[in-house]
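Open the structure in your viewer and keep the selection tool at hand. This tour goes stop by stop, saying what to select and what is there.

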Protein chains: 2
Amino acid sequence: MKVELHGLKLPEVKPGDDLAAMIVGAAEEQAGGLKPGDVLVVASKALSKALGLMVRLEDVRPSREAVKLAEKTGGDPRHVQLILENSDRLLLAIPFGGLVRSGIVKLEKMAEDVKRAREALRFASCELAVEREKQIYSNAGIDFSNSPEGYVTIPPANLDGVAKALRSRIKDLTGLDVPVVISDTEYWFFLGSLDFARGCSGLRPIARKLGAPDL
Amino acid sequence: MKVELHGLKLPEVKPGDDLAAMIVGAAEEQAGGLKPGDVLVVASKALSKALGLMVRLEDVRPSREAVKLAEKTGGDPRHVQLILENSDRLLLAIPFGGLVRSGIVKLEKMAEDVKRAREALRFASCELAVEREKQIYSNAGIDFSNSPEGYVTIPPANLDGVAKALRSRIKDLTGLDVPVVISDTEYWFFLGSLDFARGCSGLRPIARKLGAPDL
């Protein structure tokens, strides 16, 4: 049995871009086109950008709750505000910067380039684990880097619905019904980076085969 | 960028088998042979079988602790004994059979074939989450099915070491230094089945790139 994974390189996605068309085009150019049996995995960030889900940090007015929590944890009140706005429940606050300063967490163990890590810490000195649409996210899935200067990226709500819309648009363009998975990278301090499937359409993500023989 | 995954079909592995030679042979026949850049993912079970890590249930003498825990949770005392023997710490006991009988857990949601699931429950009416070599396993990674009748399969200890030995043997056979990952399937009731990397040799499993740009 053989499975092929193709990494498609897209140009920088901008608000209003037809992401489905960009993906179909990139698949044509770089992987011989979409085919029956393919499953498409799309980074949540690409969808956020296409949907224009970017916020200018300058425009964020932190609530009193956000200011308090930011003071306690050493985070940026505007970051905390955006995280709280985009989550259903706060589960855990990790004062990452404080843990580094007190020597409990060693930055050298978490980065190849300690200088860059120290700079990143200025923007990520507090990590909030939250519940959002029944899933656990660090910082509500909001990305405070990798966006245009001064902007942050918000993950789309209802990722299954977003996957469905993308799948439907790809069907319009190509006639093919390609299952879509939306993934997002999580960085948990001691565990490194890991991609999670956060939403999907056109496939059953969980096999429920208790008792079925597997040999 | 393109990555290929090849699933290699091996014959049933028996104690004393040279698993490295079987894998090299299967790769030749089914995937054009091992090549530089390949990474080999091997199921922990195949290693257990090659290493003869099978125990006859009849020969297991449950301790008093195992008998007590089995009574409390509805498990088989011999299973409980083997799980305790093969773990460093008991974290959690889930009386799965009891949860099903009391209607809290619905078997129809967990299986396509409810009759088979009910039979499987006889052998798995209790699930113990344990710590083993700094990792969390359900039932210590012991498999009470998929073994010859009356036998259960124990996962090898020191999986990084086992991966290293397999990698070294493959190097002897082929001259190639192929990184090895040992994986095992976990079944957590509500989550479906998921494969975890449990040990490895020849690669760094965690990227520590805090602060590094990813665009």
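Which residue forms a salt bridge with Glu4(B)? Select Glu4(B) and look for Lys2(B): the two form the salt bridge, with their closest N and O atoms 3.6 Å apart. Keep in mind throughout that this is a predicted model.

**Stop 1: the pair in chain B**

Stay on these two residues. Glu4(B) is partly exposed, at a relative accessible area of 36%. Lys2(B) is also partly exposed, at 46% relative accessibility.

**Stop 2: the pair in chain A**

Now select Lys2(A) and Glu4(A). They form a salt bridge, and their closest N and O atoms are 3.7 Å apart. Lys2(A) counts as partly exposed, with 47% relative accessibility. Glu4(A) is partly exposed as well, with a relative accessible area of 35%.

Show both pairs together. Lys2(A), Glu4(A), Lys2(B) and Glu4(B) are linked in a network of salt bridges. Over all chains, the structure holds 24 salt bridges.

**Stop 3: the axis**

Turn to the whole of both chains.

**Stop 4: chain A as a whole**

Chain A has seven helices and nine strands. Its C-alpha atoms fill a box of roughly 55 × 45 × 35 Å along the principal axes. Of the 215 residues in chain A, 41% are buried. Now consider the contacts in chain A with a separation of 6 or more: residues 24 or more positions apart account for 59% of them.

**Stop 5**

Select residues 64-73 of chain A, which are helix H3, and residues 77-85, which are helix H4. At what angle do the axes of these helices cross? They cross at roughly 120° and come within 8 Å. H3(A) and H4(A) are therefore oblique to each other. Their crossing is right-handed.

Show the side chains where the helices meet. From H3(A), pick Glu65(A), Ala66(A), Val67(A), Leu69(A) and Ala70(A). They meet Pro77(A), Val80(A), Gln81(A) and Leu84(A) in H4(A).

**Stop 5: a buried loop residue**

Select Asn139(A). You are in the loop between strand S6 (135-138) and strand S7 (151-153) of chain A. Is Asn139(A) buried or exposed? Asn139(A) is buried, with a relative accessible area of 8%. Setting aside residues up to four places away in sequence, Asn139(A) touches Ile83(A), Cys126(A), Glu127(A), Leu128(A) and Phe144(A).

Bring chain B back and select Asn139(B). This residue lies in the loop between strand S6 (135-138) and strand S7 (151-153) of chain B. Asn139(B) is buried, and its relative accessible area is 8%. Beyond its neighbours within four places in sequence, Asn139(B) is in contact with Ile83(B), Cys126(B), Glu127(B), Leu128(B) and Phe144(B).

**Stop 7**

Return to chain A and select Arg167(A) and Asp177(A). Their side chains meet in a salt bridge, at 2.6 Å from N to O. Arg167(A) is in helix H7 (residues 159-174), while Asp177(A) is in the loop between H7 and strand S8 (180-188), so the pair ties together parts ten residues apart in sequence. Asp177(A) counts as partly exposed, at 42% relative accessibility.

**Stop 6: a glycine in a strand**

Last, select Gly199(A). It lies in strand S9 (residues 192-201) of chain A. Gly199(A) counts as buried, at 5% relative accessibility. Which residues does Gly199(A) touch, not counting those up to four places away in sequence? They are Leu159(A), Asp160(A), Val180(A), Val181(A) and Ile182(A).

Finish by drawing a distance from Gly199(A) to Val162(A). The two are 37 residues apart in sequence, and 8.1 Å apart in space from C-alpha to C-alpha.

Technical notes. Residues are numbered from 1 along each chain as its sequence is written. Chains are lettered from A and ligands numbered from 1 in the order in which they are written. This is a predicted model: local features need pLDDT of at least 70, side-chain atom pairs count only at pLDDT 80 or more; totals for chains, interfaces and linings use all residues. Side-chain values use heavy atoms; hydrogens and water are left out. A salt bridge is a side-chain nitrogen of Lys or Arg within 4 Å of a carboxyl oxygen of Asp or Glu. Buried means under 20% relative accessible area, exposed over 50%, partly exposed in between (1.4 Å probe, protein chains only). Helices (H or I, at least four residues) and strands (E, at least two) are DSSP runs, numbered from the N terminus. Axes are lines fitted to C-alpha atoms, for helices over the stretch in contact, and angles run from 0 to 180 degrees between N-to-C directions. Angles under 35 degrees count as roughly parallel, over 145 as roughly antiparallel, 65 to 115 as roughly perpendicular and the rest as oblique. A crossing is left-handed if the near helix is turned anticlockwise from the far one by less than a right angle, and right-handed if clockwise. Contact means heavy atoms within 4.5 Å.
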